[in-house]
Amino acid sequence: AVRGLAILQHPERLRLRGGAEQCGTAVQQFGAERPMSQAFYDVDGTLYDGTMAHCGWWFLWALPDRAQRVSKALQFCVALPYIGLLASYDEAKAAACLGNLVLRGVTVEEALCASEAVAEGVMRHAYPEVIQHLKTLQREGSATILLSGNIEPMLAALGAHLGSAVVGTTMESVRGRYTGKVVGQVCVLEGKREKLLAAINPIQRQRGAAERAGLVGVGNSVYDVPFLSEVPSTAVWVVRPSQRLGKLADSRGWNLVFAKVRGTGVRLSAHNKTGRLATMAKAACQSMEAALLGIYSLTGLSLWMFVPSSPKPIDKGVQ
């Protein structure tokens with residue numbers, strides 16, 4: 001444990017895919033009076049069994065404008081393989097690309113409404129033990145922050161349901177409509193570390209990581225190591241780690257209690273019976289739209305691939 005604390009006093013800068021040197025000034029989202037006890041939770045893969053792509057899909061299918069919804073769904077299906085490939089090389093660019101695709105042209109009000117679907121989706125696939133951990137820390141007086149590379153408008157409702165602040169990738173809006181452009185840095189890797197440091201109490205910031213009593217960090221990926229390294233080793237929790245992260249966590253004395261949790265889901269307490277029925281009806285309509293969109297896309301692709309082009313007319317003058 002002592003060895004782990006010594007390592008955390010001087011955390012190294014990991015050179016990982018994208019964002020490794022994107023250390024700018026994080027957006028200030030907290031007032032001058034910041035609590036000494038704060039718990040930072042990554043979202044995708046940490047609070048629930050899913051990825052940014054899942055959030056993006058839930059979000060765009062909840063947009064109120066049908067034409068916009070179908071158009072973005074088609075763009076999403078076409079672009080997703082490219083975004084997935086890009087993420088293997090540069091996670092920051094992939095997150096920015098996904099945010100641009102999902103949010104461009106959407107009004108602030110529409111985004112807030114659609115973020116409810118993201119909250120529902122996350123909680124349907126949530127890790128109950130991790131959610132309980134968050135709630136327990138809140139009861140003990142800690143402020144909880146969702147620290148994610150995901151775009152902030154998609155996580156607005158989730159933060160409200162969990163009573164947590166949201167610190168993510170900030171998106172530009174002009175006259176009440178999102179442009180799809182990222183403001184500042186994407187909240188991944190070193191960018192996520194910088195946003196954590198900007199969010200904590202200035203007194204805590206002046207201390208070494210091992211001396212920041214009251215801070216808690218929860219993540220699931222080796223790409224969360226930069227921000228987890230700013231938290232005392234005994235207060236770091238790792239969710240379903242990969243083999244690489246598991247070895248690192250074991251060497252640093254990080255908690256592995258959540259190593260085998262399952263995303264069985266947690267019901268949102270704010271939902272009543274009427275709300276659940278409305279959600280089920282809306283989901284059924286969206287499923288039908290998704291099925292029709294899939295049939296349309298597959299039909300078009302099949303025609304393009306397998307139907308031969310029309311033969312050239314025979315010149316009657318040629319014998």
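Predicted model: local features only at pLDDT ≥ 70, side-chain atom pairs only at ≥ 80, totals over all residues.
## Overall architecture

The protein chain contains twelve helices and eight strands. Of its 319 residues, 47% count as buried. Among contacts in the chain with a separation of 6 or more, 66% are accounted for by residues 24 or more positions apart.

## The α2–α5 helix pair

Helix α2 spans residues 52-60 and helix α5 spans residues 108-124; their axes come within 8 Å and cross at roughly 130°. The crossing of the two helices is right-handed.

On the α2 side, the contact is made by Cys 55, Trp 58 and Phe 59. Helix α5 contributes Ala 111, Ala 114, Ser 115, Ala 117, Val 118, Gly 121, Val 122 and Arg 124. By residue class, the contact of α2 with α5 comprises eight nonpolar residues, two polar residues and one charged residue.

## Gln 68 in helix α3

Gln 68 belongs to helix α3, which covers residues 66-87. Its relative accessibility is 17%; since the limit for burial is under 20%, Gln 68 counts as buried.

Beyond its neighbours within four places in sequence, Gln 68 is in contact with Leu 63, Gly 105, Val 106 and Glu 110. One of these, Gly 105, is 37 residues away in sequence, and the C-alpha atoms of Gln 68 and Gly 105 are 9.0 Å apart. The side chain of Gln 68 also reaches the backbone oxygen of Gly 105, at 3.4 Å.

## Leu 256 in strand β8

Leu 256 lies in strand β8, formed by residues 255-258. With a relative accessibility of 32%, Leu 256 falls between the 20% and 50% limits and therefore counts as partly exposed.

When residues up to four places away in sequence are not counted, Leu 256 touches Val 238, Pro 241, Gly 246 and Ala 249. A further spatial relation involves Arg 240, which is 16 residues from Leu 256 along the chain. The C-alpha atoms of Leu 256 and Arg 240 are separated by 8.3 Å.

How values were computed: Residues numbered from 1 in each chain as written. Heavy atoms only, no water. Helix = DSSP H or I, 4+ residues; strand = E, 2+ residues; numbered from the N terminus. Buried < 20%, exposed > 50% of the residue type's maximum accessible area, 1.4 Å probe, protein only. Contact = heavy atoms within 4.5 Å. Polar contact = N/O pair within 3.5 Å; in protein donor to acceptor, adjacent residues only side chain to side chain. Axes fitted to C-alpha atoms, helices over the stretch in contact; angles between N-to-C directions. Left-handed = near helix turned anticlockwise from the far one by under 90°. Nonpolar A, V, L, I, M, F, W, Y, C, P; charged D, E, K, R; others polar.
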